[in-house]
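Me: Hey, can you walk me through this one? I'd like to start with the aromatic rings.

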Amino acid sequence: MKITLVGNGRMGRQIADVVAASGTHFIDRVLDVNDTIDAGAFEGTDVIIDFTVRSAFLANYPALVASGVPVVVGTTGWDDAVPQVRERVAAEGSSMFYSANYSLGVNIFFRTLREAARLIAPFEQFDIALSEQHHTGKADFPSGTAIKAAEEILKSNPRKCKVVRELEDGRKLQSDELQVASIRLGSVFGVHSALIDSESDTIELTHTAKNRTGFASGAVRAAEWLVQRHATSPGFYTMDDFLNDLFSA
């Protein structure tokens, strides 16, 4: 595949390294903050991989989608805009793959968390909360991965109905609220934990990222899958679509 990278930050450079090591794909071009991004900028490329920031993605996605080139998005912090992006993708007949985290390990964590939240739902003595840690350079909080983890809990446990990102002095957490706590510390790659607690015991589910290679490799693999899917069934896809397809093969 000929890949155009949008964003030349830490993840963009890691993806470039993974692509270079693949021996089968190559980076066609890299577009960063000072480049003009319009539909014509992607002519001749097979797939776009975007790892930027919320403001840049929201400004650029109309051009990405209008190019007709399938787009893999790793930029986080824009979940509130997913409906309008989906609508634009459908209107243009394009394809987009969005995941808050492309690590296979993280997505196994999501599925494990989904089942754990379902299993404790009938037992009111079990409460659940989330925490996440990232490096001090991360712009959004909670992380996109933590937000996805929270969504999995809300879907699987009817006792939790609302996410609380911060607590105010003097206000107690309500039983139907799911706390998601964020810590920004040093150069931490990413640690996500679900804490399940009762008077008798505690269960902890934790995913710790050791480096960025897993994220980058997953994004490249998602790009391979999306290019094939775009040829026959354009649309907006998520990691669940990707994993379900793999598991059914």
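Predicted model: local features only at pLDDT ≥ 70, side-chain atom pairs only at ≥ 80, totals over all residues.

Me: Where do tryptophan 78 and tyrosine 98 lie?

Reply: Tryptophan 78 is in the loop between β4 (71-73) and α3 (82-92), while tyrosine 98 belongs to strand β5 (residues 96-98), so the pair ties together parts 20 residues apart in sequence.

Me: Is tryptophan 78 buried or exposed?

Reply: Tryptophan 78 has 0% relative accessibility, so it's buried, as the cut-off is under 20%.

Me: And what about tryptophan 225 and tyrosine 237?

Reply: Those two form an edge-to-face pair, 5.3 Å centre to centre and 90° between the planes. Tryptophan 225 sits in helix α6 (residues 213-232) and tyrosine 237 in strand β11 (residues 236-238), so this pair ties together parts twelve residues apart in sequence. Both tryptophan 225 and tyrosine 237 are buried.

Me: Which residues do ring pairs link into a cluster?

Reply: Phe51, Phe97, Tyr102, Trp225, Tyr237 and Phe242.

Me: New topic: what does the UniProt annotation "binding site" cover?

Reply: That annotation, from an unreviewed UniProt entry, covers Arg29. Arginine 29 is in strand β2 (residues 26-31) and is partly exposed, with a relative accessible area of 25%.

Me: What is arginine 29 in contact with, leaving aside neighbours within four places in sequence?

Reply: Its contacts there include Ile3, Leu5, Phe42 and Glu43.

Methods
Residues numbered from 1 in each chain as written. Heavy atoms only, no water. Helix = DSSP H or I, 4+ residues; strand = E, 2+ residues; numbered from the N terminus. Buried < 20%, exposed > 50% of the residue type's maximum accessible area, 1.4 Å probe, protein only. Phe/Tyr/Trp six-rings, centres within 6.5 Å; stacked < 30°, edge-to-face > 60°. UniProt positions renumbered as here; feature names shortened; annotations may be inferred. Contact = heavy atoms within 4.5 Å.
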